[in-house]
Amino acid sequence: MRVIAVSDSHGCRGLLREAVMQATARGKVDVFVHCGDGVRDVDTIAPILTSHNPDVQIYAVRGNCDVSAFAYPATELFEVGGVRMMATHGDLCHVKSGTYALCNKARELGAQVAFFGHTHTPLLQPAAGTYLINPGSLAKQGGIYAYAQVLVHADGRFTADLYRWLA
């Protein structure tokens, strides 16, 4: 199973579309995650994702800049191939001051993988029994990563990577 995650698109729908096109060109996307700050941008790429895989699962959480986006949750919890995952923006866990609160939240929810944004800084890091993944900011000028990817293998193992923008 293949999970693609982005964050902090901040209304840059063209960049979000390009990231999704790059991801779908590399294979089937089973799960798509948007970690907030531009959560409504997901509406523009959902048709692309479903045209490539009608069964794609899309999770999107609101961030601190998603004004009046109360229809979107602050945290999503989901399972992919037996691996429990969560997505949150990170502001409510104060991730700009460290990942301690995020790790505690993930542990409380039993999440093995925690996707988050807010810092605009890409991160792949095992921490306190949870693998932390921040895809960085799609909208950030000079950002080198288009998205994060998690592959969940049949035996329950998973691997994570950050994917650079294609030239």
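**Ground rules.** I took contact to mean heavy atoms within 4.5 Å. Helices (H or I, at least four residues) and strands (E, at least two) are DSSP runs, numbered from the N terminus. I call a residue buried under 20% relative accessible area, exposed over 50%, and partly exposed in between (1.4 Å probe, protein chains only).

This is a predicted model, where local features need pLDDT of at least 70, side-chain atom pairs count only at pLDDT 80 or more, and totals for chains, interfaces and linings use all residues. Residues are numbered from 1 along each chain as its sequence is written, and side-chain values use heavy atoms, with hydrogens and water left out.

**Entry 1: helix α2.** I looked up which residues of α2 (residues 42-52) are buried, and found V42, I45, I48 and L49. Seen down the axis of α2, these buried residues fall within an arc of 120°, so they line one face of the helix; the arc is that of the directions from the helix axis to the C-beta atoms. A reminder to myself: an α-helix has 3.6 residues a turn, so residues three or four places apart point the same way. On the face of α2 turned away from the buried side I found D43, P47 and S51, which are exposed. The buried residues of α2 pack against α1 (13-25), β2 (31-34) and β3 (57-60).

**Entry 2: α1 against α2.** How far apart are the axes of α1 and α2, and at what angle do the helices pack? I noted 9 Å and about 15°. Axes are lines fitted to C-alpha atoms, for helices over the stretch in contact, and angles run from 0 to 180 degrees between N-to-C directions. The two helices α1 and α2 are therefore roughly parallel to each other; angles under 35 degrees count as such, over 145 as roughly antiparallel, 65 to 115 as roughly perpendicular and the rest as oblique. From α1, the residues R13, L16, R17, V20, M21 and T24 meet V42, T44, I45, I48, L49 and H52 of α2.

**Entry 3: strand β2.** V31 and V33 point one way from β2, F32 and H34 point the other way, and all are buried. β2 pairs with β1 (residues 2-6) in the parallel sense over four bridges, and V6 stands opposite H34. Two strands pair if DSSP finds at least two bridges between them.

**Entry 4: the open sheet.** Five strands form an open sheet with mixed pairing, in the order β4-β5-β6-β8-β7. Its edge strands, β4 (75-80) and β7 (123-127), each pair on one side only. I read an average twist of 20° from one strand to the next. β4 and β5 (residues 83-88) pair in the antiparallel sense over six bridges, with E79 opposite R84.

**Entry 5: helix α3.** Here I found L102, C103 and A106 buried. Seen down the axis of α3, they fall within an arc of 100°, so they line one face of the helix. They pack against β5, β6, β7 and β8. Y100 and E108 are exposed on the face turned away from the buried side of α3. After α3 comes G110, with a positive phi near 75°.

**Entry 6: R164.** R164 touches Q22, R26, I144, Y145 and A146, not counting residues up to four places away in sequence.
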